[in-house]
Amino acid sequence: MTLAVRYLAARTLETAPAETDEPGPGQVELAPAYVGICGTDLHIFHGDMDARVPAPAVLGHEMSGRVVRVGPDVEGWRPGDAVTVMPLRWDGTCAACRAGHQHICRHLDFIGIDSPGAMQQRWTVPASTLIRLPGSLPLDRAALVEPTAVAVHDVGRAGVRGGEKAVVVGGGPVGVLIALVARAAGAEVRIVEPSSHRRRIAEELGLTAWNPADDDVPALVHEWTGDAGADVAFEVSGAAGGVDTAVDVLGVRGRLCLVAIHPRPREVNLHRFFWRELTLVGARLYDRSDFEQAVALVADGTIPAERLISKVVPLTQAPAAFEALEGGGDVLKILVDCTDDAQGAAV
């Protein structure tokens, strides 16, 4: 019998035995190795997504692992292959899919939210969701491929070019990854983040980080850009003040890329958009090319994944890990170790 972490109700998780579906046609059975806990998982944990996530629900979509079994009609995969999963299933028939934007399908199944996720010792998924990992890439680092793919998509949507100046508002895991991907694209980057711990991590990675509580961010951007303003800003904070900052720092024809999920409408300085001919673009999820680029960035060390991992805990301690992330503090990214050996050591 294998184990899985299930969401039962607001602030209630359990690690308990689970049944594993045998892979059917076009499916593979995986042994997840490491699963990251992200902000969306925390929203589910808080009960904020109960209308969408029916309990009991297995969470987790940032993962790495290996193929265990393949179902009928599956070609190109065999047991032992190292993989991650692009956790999206689309209908292929809606207007978004017909236009080639399957990742924002109107009836999208986000695996790990709308259907069972990776925080379990065995997981059956469509073979079409698999992304191959290089054998030289440690599986703990590979668990950061999915959030890196988010960052790759965001930087692509913003159209970042070499030599541009970019401001990232929000220095959590995705904000730091956006900054690293934008820097790899040739941009000069500044992060705006109130947490001293997160600013310290950014600075250890060679990034400049400003504290909005103490620093006049628009004035710093004015000085940094020679009064031109930033070419692009990423709003990753999810806060009303973050929206204001992202708009205020932009120069003429600057681009604002909205990354964070804002649960309620925000006031926006539309006069600034008119006066400076600003552009607002949304960025949601990723496509396969984003995932493949993310694998390359993590594998070659452009994304120093090992320096972003704060802690690794066994599956049996996953509920406590959610509480640790909820408290913030000196934690950036926690991974859940789903391997069989880790559970034996933890019990």
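Where does Gln 102 lie? Select Gln 102 and you will find it in the loop between α2 and β8, where helices (H or I, at least four residues) and strands (E, at least two) are DSSP runs, numbered from the N terminus. Before going further, note that this is a predicted model, in which local features need pLDDT of at least 70 and side-chain atom pairs count only at pLDDT 80 or more, while totals for chains, interfaces and linings use all residues. Residues are numbered from 1 along each chain as its sequence is written, and side-chain values use heavy atoms, with hydrogens and water left out.

Gln 102 is partly exposed, with a relative accessible area of 28%; here buried means under 20% relative accessible area, exposed over 50%, and partly exposed in between (1.4 Å probe, protein chains only). If you leave aside its neighbours within four places in sequence, Gln 102 is in contact (heavy atoms within 4.5 Å) with Trp 90, Ala 96, Cys 97 and Leu 108.

Next, select His 103, which lies in the loop between α2 (95-98) and β8 (109-110). Is His 103 buried or exposed? His 103 counts as buried, at 12% relative accessibility. Its contacts, leaving aside neighbours within four places in sequence, are Leu 88, Leu 108, His 153, Arg 284, Leu 285 and Tyr 286.

Now select Asp 73, found in the loop between β5 (62-70) and β6 (82-85), where phi is near 70°, a positive value in a residue other than glycine. Asp 73 is exposed, with a relative accessible area of 71%.

**Cysteines and a cis peptide bond**

How many disulfides does the structure hold? The structure holds zero disulfides, a disulfide being a pair of cysteine sulfur atoms within 2.5 Å. Cys 38 is in no disulfide, and the nearest cysteine sulfur, that of Cys 338, is 14 Å away. Cys 97 is likewise in no disulfide, with the nearest cysteine sulfur, that of Cys 94, 3.7 Å away. Cys 97 is buried, with a relative accessible area of 6%.

Then select Ala 55 and Pro 56, which are joined by a cis peptide bond with omega about 0°. Pro 56 is found in the loop between α1 and β4 (57-58).

Select helix α7 (residues 217-224), whose buried residues are Val 217, Val 221 and Trp 224. They cover an arc of only 60° around the axis, which puts them on the same side of α7; the arc is that of the directions from the helix axis to the C-beta atoms. An α-helix has 3.6 residues a turn, so residues three or four places apart point the same way. What covers the buried residues of α7 includes β11 (165-169), β12 (188-192), β13 (208-210), β14 (230-235) and α8 (240-248). After α7 comes Gly 226, whose phi is positive, near 65°.

In helix α4, select Ala 151, which counts as buried at 0% relative accessibility. Not counting residues up to four places away in sequence, Ala 151 touches Leu 177, Ile 178 and Val 181.

**The largest pocket**

For the last stop, select Gly 39, Thr 40, His 43, Ala 260 and Ile 261, which are the closest to the centre of the largest pocket among the 47 residues that line it. The largest pocket has a volume of about 1,600 Å³. On a 1 Å grid over the protein atoms alone, a pocket is an open set of points where a 1.4 Å probe fits, with protein on both sides within 12 Å along at least five of seven lines, and lining residues have an atom within 4 Å of a point. Grid points are joined across faces, edges and corners, and a volume is the space filled by probe spheres set on the points. Colour α1 (39-45), α4 (145-158), α5 (173-184), α6 (196-204) and α11 (318-326), each of which supplies at least two residues of this lining.
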